[in-house]
Amino acid sequence: MNQNILEIIKNRRNVRKFNDSPISKDTITKILEAATWAPNHRSTEPWRFFVLEKNSKKRIEIANLIYDWTYKNVKNPNTKRRKASALSAKQEIIDVPLFIYVYSIPGETDDITKENYGATCCAIQNLQLASFSMGIGVGWSTGKPCLCPEVKNALGITENWEIIGALYIGYTNIKLTASRIPVNNVTKWL
Ligand SMILES: Cc1cc2nc3c(=O)[nH]c(=O)nc-3n(C[C@H](O)[C@H](O)[C@H](O)COP(=O)(O)O)c2cc1C
């Protein structure tokens with residue numbers, strides 16, 4: 001695929017439906033490397049990635065944690081529906097070809113922590129754009145897989161790192177459309 005940067009930016013969509021094609025280690029490394037070329041103030045390079053490959057023990061452990069968390073926290077009094085929600089959240093994590101958690105390290109001051117947060121978001125966007133250019137879709141979630149507090153411990157994180165997202169990643173044929181409000185509606189020309 002050879003698209004120019006503006007086309008890639010405009011055509012990238014948040015995707016959560018993938019085909020089963022595996023993503024090679026080489027390709028995973030490429031998209032992570034793209035992430036690490038994001039701008040970051042003071043060269044803090046604050047992003048930290050946790051790659052959960054398909055069928056890894058850790059992936060299954062995390063999927064089970066998300067099942068338990070969803071079952072406990074989903075706002076539905078109906079047990080059958082709670083189980084269905086929990087199972088669907090778990091299954092999505094098990095099935096996705098590649099699942100990556102992204103954390104950001106804190107800085108010495110709140111301002112630096114905020115800069116680091118911004119830089120890590122830029123890193124995720126780089127990862128999404130590089131992936132899209134190779135036919136790979138990314139779904140950024142700050143929902144269930146990020147809200148479950150036990151995940152941090154399961155990933156072996158002992159530091160005060162902030163979770164920025166869980167990324168569902170896989171080759172996809174899905175073509176989603178989207179729109180944005182016109183630039184002039186969000187811009188003041190002074
Ligand atoms: C910080 C952040 C958190 C997000 N969290 C979720 C999420 O929890 N679940 C979800 O379905 N999409 C999530 N998204 C994806 C957005 O919903 C998506 O980017 C938005 O609908 C615009 O669609 P597009 O990315 O295809 O242009 C998140 C995006 C960002 C930037």
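Helices (H or I, at least four residues) and strands (E, at least two) are taken as DSSP runs, numbered from the N terminus.

**Entry: the model**

I noted that this is a predicted model, in which local features need pLDDT of at least 70 and side-chain atom pairs count only at pLDDT 80 or more, while totals for chains, interfaces and linings use all residues. Residues are numbered from 1 along each chain as its sequence is written.

**Entry: helix α4**

I then looked up burial, for which a residue is buried if 20 or more other C-beta atoms lie within 10 Å of its own, exposed if 12 or fewer, and partly exposed in between, with C-beta atoms placed from the backbone.

Which residues of α4 are buried? They are A86, A89, K90 and I93. They cover an arc of only 95 degrees around the axis, which puts them on the same side of α4; the arc is that of the directions from the helix axis to the C-beta atoms. An α-helix has 3.6 residues a turn, so residues three or four places apart point the same way. On the face of α4 turned away from the buried side I found the exposed residues K80, R81 and S88.

**Entry: the sheet**

I followed the strand order next, counting two strands as paired if DSSP finds at least two bridges between them. The 4 strands form an open sheet in the order β1-β2-β4-β3, with antiparallel pairing. β1 (47–53) and β3 (136–141) stand at the edges with a single partner strand each, so one side of each is left without a neighbour in the sheet. Neighbouring strands of this sheet are turned by 25 degrees against each other on average, direction ignored; the strand axes are lines fitted to C-alpha atoms, and angles run from 0 to 180 degrees between N-to-C directions.

I went through the pairs in turn. β1 joins strand β2 (residues 98–104) in the antiparallel sense over 7 bridges, and E53 has L98 in β2 as its bridge partner. β2 and β4 are also antiparallel, over 7 bridges, with Y103 standing opposite I163 in β4. Between β3 and β4, which run antiparallel, I recorded 6 bridges; V138 has I169 in β4 as its bridge partner.

**Entry: cover of the strands**

In β2, 7 of its 7 residues are buried. In a regular strand the side chains alternate between the two faces of the sheet. Within β2, I saw L98, I100, V102 and S104 point one way and F99, Y101 and Y103 the other way, all of them buried. β3 is mostly covered, with 5 of its 6 residues buried.

**Entry: loop residues with positive phi**

I looked up E45, which is found in the loop between α2 (25–36) and β1. Phi of E45 is near 40 degrees, a positive value in a residue other than glycine. E45 is partly exposed, with 14 other C-beta atoms within 10 Å.

N55 is found in the loop between β1 and α3 (57–73). Although not a glycine, N55 has a positive phi of about 65 degrees. Is N55 buried or exposed? N55 is exposed, with 8 other C-beta atoms within 10 Å.

A154 lies in helix α7 (residues 150–154) and counts as partly exposed, with 15 C-beta neighbours inside 10 Å. Its C-alpha atom is separated by 9.0 Å from that of L65, 89 residues apart along the chain.

W161 is found in the loop between α7 and β4 (162–171). W161 is partly exposed, with 18 other C-beta atoms within 10 Å. From W161 to K90 I noted 24 Å, C-alpha to C-alpha, at 71 residues apart in sequence.

**Entry: the ligand**

Which residues surround the ligand? I listed R13, N14, W140, S141, T142, G143 and A178, a residue being near a molecule if its C-beta atom, placed from the backbone, lies within 6 Å of it. This shell divides into 2 nonpolar, 4 polar and 1 charged. Ala, Val, Leu, Ile, Met, Phe, Trp, Tyr, Cys and Pro count as nonpolar, Asp, Glu, Lys and Arg as charged, and the others, Gly among them, as polar.
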